[in-house]
Amino acid sequence: MGKYYEYLHTVGFEETNIVGNVYYVNYLRWQGRCREMFLKERAPEVLADLQDDLKLFTLKVDCEFFAEITAFSELSIRMRLQELAQTQVEFSFDYVRLDPDGTEVLIARGRQRIACMRGPNTRTVPSRVPDALARALEPYAS
């Protein structure tokens with residue numbers, strides 16, 4: 001399946017619902033966190049560009065669930081580059097439960113599509129994916 005960027009996470013009580021399962025919205029939150037940590041670790045130049053006038057607009061997010069997890073589950077959120085277009089990027093995410101015995105269980109799979117934009121908020125227009133981001137994503141193409 002190719003190389004992936006990995007964000008490790010331990011589920012906390014605050015991420016579960018009254019029944020004890022992880023509340024679905026957290027999976028989307030973890031996609032965003034994985035993407036942010038990728039930028040911090042692999043493309044810090046893009047973070048500087050975000051302080052200027054680059055904007056990353058999330059256009060579409062989805063997640064398909066295969067198994068439930070609970071508090072203190074250990075997760076690996078694995079991000080891959082699905083598609084790199086002129087102004088947009090699509091990522092895929094595998095949510096893998098890491099069991100104490102070394103077993104890995106795919107519990108969910110998601111996608112996220114973002115658009116690169118520039119300009120003031122009243123006149124934001126599509127912009128090419130920054131070269132630094134494209135370069136950082138190359139190793140993670142699926």
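Which strand pairs with β2, and over how many bridges? I took this up first in the predicted model. I found that β2 (residues 54–65) pairs with β5 (residues 104–118) in the antiparallel sense, over 11 bridges. Within this pairing I noted Asp-62, whose bridge partner in β5 is Arg-111.

I then followed β5 to its other partners. Strand β4 (residues 88–98) runs antiparallel to β5 and is joined to it by 11 bridges; I recorded Val-89 with its bridge partner Ile-114. Five residues lie between β4 and β5 in their hairpin, where Gly-102 takes a positive phi near 95°. Strand β6 (residues 125–126) pairs with β5 over two bridges, again in the antiparallel sense, and Pro-126 in β6 stands opposite Met-117. In the hairpin of β5 and β6 I counted six residues between the strands, and the turn holds Gly-119 with a positive phi of about 110°.

Next I looked up β1. Six bridges join β1 to the antiparallel strand β3 (residues 74–84), and Tyr-5 has Met-79 as its bridge partner there. The covered face of β1 carries Tyr-5, Tyr-7 and His-9, whereas Glu-6, Leu-8 and Thr-10 are on the uncovered face. In a regular strand, side chains alternate between the two faces of the sheet.

Last, I examined α1 (25–42) and the loop between β1 and this helix, in which Tyr-24 lies. The 18 residues of α1 reach 26 Å from first C-alpha to last, close to the 26 Å expected. I listed buried residues in α1, among them Trp-30, Cys-34 and Phe-38.

Note on methods
Residues are numbered from 1 along each chain as its sequence is written. This is a predicted model: local features need pLDDT of at least 70, side-chain atom pairs count only at pLDDT 80 or more; totals for chains, interfaces and linings use all residues. Side-chain values use heavy atoms; hydrogens and water are left out. Helices (H or I, at least four residues) and strands (E, at least two) are DSSP runs, numbered from the N terminus. The expected span of a helix is 1.5 Å times one less than its number of residues. Buried means under 20% relative accessible area, exposed over 50%, partly exposed in between (1.4 Å probe, protein chains only). Two strands pair if DSSP finds at least two bridges between them.
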